[in-house]
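Reader: Before we discuss any detail, could you show me the model and then take me through its helices and side chains step by step?

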Amino acid sequence: MSTAIRASSILPARREEIELHTADGLRLVGELALPADRPPVATLVCLHPLPTHGGMMDSHVLRKAAWRLPALADLAVLRFNTRGTSSVQGTSEGTFDNGVAERYDVAAAIEYAEFAELPNIWLLGWSFGTDLTLKYGCDPGVSGAILLSPPLRFSSPADLTVWAESGKPLTALVPEFDDYLRPDEARRRFGVVPQAEVVGVPGAKHLWVGDAETVLDEVVRRVNPAVPVPLPSNWDGPMTFGDASAYADRTVAAFGERPAGLRPTDQTPGAAN
């Protein structure tokens with residue numbers, strides 16, 4: 001019987017808890033989800049939003065990617081908590097370092113994916129995770145990157161130059177009503193990367209509430225273009241359900257008010273960066 005895919009739906013996959021080990025000696029908690037009965041075609045390494053504002057490996061878009069895309073798009077999805085970040089999966093060692101020592105976290109995730117011989121590695125960064133992607137993700141083992149709601153706060157023009165020179169595909173999905181960087185300004189600032197694709201998403205906001213399906217379709221369109229999109233909204237097979245209440249407190253934190261006087265394009269930390 002066909003069942004509608006809901007926000008809490010978990011489709012079949014091989015899921016395992018993993019540990020990442022950083023070059024500076026920390027243990028990071030994570031999860032790897034693989035297609036249930038076949039090898040993955042490509043891999044998403046997910047970099048979550050700002051942990052000081054509710055970001056974690058279980059932030060809703062990344063959670064839905066891990067719960068759906070192994071079954072719907074033959075993708076491996078690797079999620080983890082950066083240093084000092086907690087979620088229902090556990091707490092990673094270390095402390096938040098404003099995007100500096102997190103370079104070791106990104107390197108550890110890429111190294112794990114390579115060691116596990118996961119194919120066609122793409123980075124999927126969201127907000128703060130996009131800055132980590134731009135600063136530290138242009139690695140020889142990485143095929144390309146997709147940026148969700150990039151604020152361009154911690155990254156620099158020099159980081160964009162590195163991506164420009166690499167020629168690796170870079171796609172930025174930018175909400176029409178983003179709190180930090182909107183499509184027209186994003187096109188201007190990413191203009192230094194000739195191969196960068198900036199996709200404005202009408203009606204969307206920084207947190208992608210109500211637009212997760214649009215994000216997943218755009219991700220699959222680039223990472224595994226053989227899969228038709230939009231992805232199915234129903235599933236004919238076994239399905240379990242996650243406990244959405246487990247994330248409620250972090251969701252509320254992510255909706256915290258912006259600092260007074262913050263303009264849409266200000267590069268200041270705020271709700272769920």
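Predicted model: local features only at pLDDT ≥ 70, side-chain atom pairs only at ≥ 80, totals over all residues.

**Helices, rings and cysteines**

Reader: Which residue just after α2 takes a positive phi, and which residues of α2 are buried?

Author: Just after α2, a positive phi of about 60° is taken by Glu-117. Within α2 itself, the buried residues are Glu-102, Asp-105, Val-106, Ala-108, Ala-109, Ile-110 and Ala-113.

Reader: How many of the 9 residues of α3 are buried, and against which elements do they pack?

Author: The helix α3 is largely enclosed by the rest of the structure, because 7 of its 9 residues are buried. These buried residues are Phe-128, Gly-129, Thr-130, Asp-131, Leu-132, Thr-133 and Leu-134. The elements they pack against are β5, α2, β9, β10, α4 and β11.

Reader: How many aromatic pairs does a search of the whole structure find, and what is the geometry of Phe-128 and Phe-154?

Author: The search of the whole structure finds 2 aromatic pairs. For Phe-128 and Phe-154, the ring centres are 5.2 Å apart and the planes stand at 80°; since planes over 60 degrees apart count as edge-to-face, the pair is edge-to-face.

Reader: Which parts does the pair of Phe-128 and Phe-154 tie together, and are the two residues buried or exposed?

Author: Phe-128 counts as buried because its relative accessibility is 1%, and Phe-154, at 18% relative accessibility, also counts as buried. Because Phe-128 lies in helix α3 and Phe-154 in the loop between β10 and α4, the pair ties together parts that are 26 residues apart in sequence.

Reader: Which residues form one aromatic cluster?

Author: Phe-128 and Phe-154 belong to one aromatic cluster with a further phenylalanine.

Reader: How many disulfides does a search of the whole structure find, and is Cys-46 buried or exposed?

Author: The search of the whole structure finds 0 disulfides. Cys-138 is partly exposed, with a relative accessible area of 23%, whereas Cys-46, at 1% relative accessibility, counts as buried.

Reader: Where is Pro-202 placed, and how far is Pro-202 from Pro-183 in space?

Author: Pro-202 is in the loop between β12 and α6, and at 66% relative accessibility it counts as exposed. Pro-202 and Pro-183 are 19 residues apart in sequence, and their C-alpha to C-alpha distance in space is 9.6 Å.

Technical notes. Residues numbered from 1 in each chain as written. Heavy atoms only, no water. Phe/Tyr/Trp six-rings, centres within 6.5 Å; stacked < 30°, edge-to-face > 60°. Helix = DSSP H or I, 4+ residues; strand = E, 2+ residues; numbered from the N terminus. Buried < 20%, exposed > 50% of the residue type's maximum accessible area, 1.4 Å probe, protein only. Contact = heavy atoms within 4.5 Å. Disulfide = S-S within 2.5 Å.
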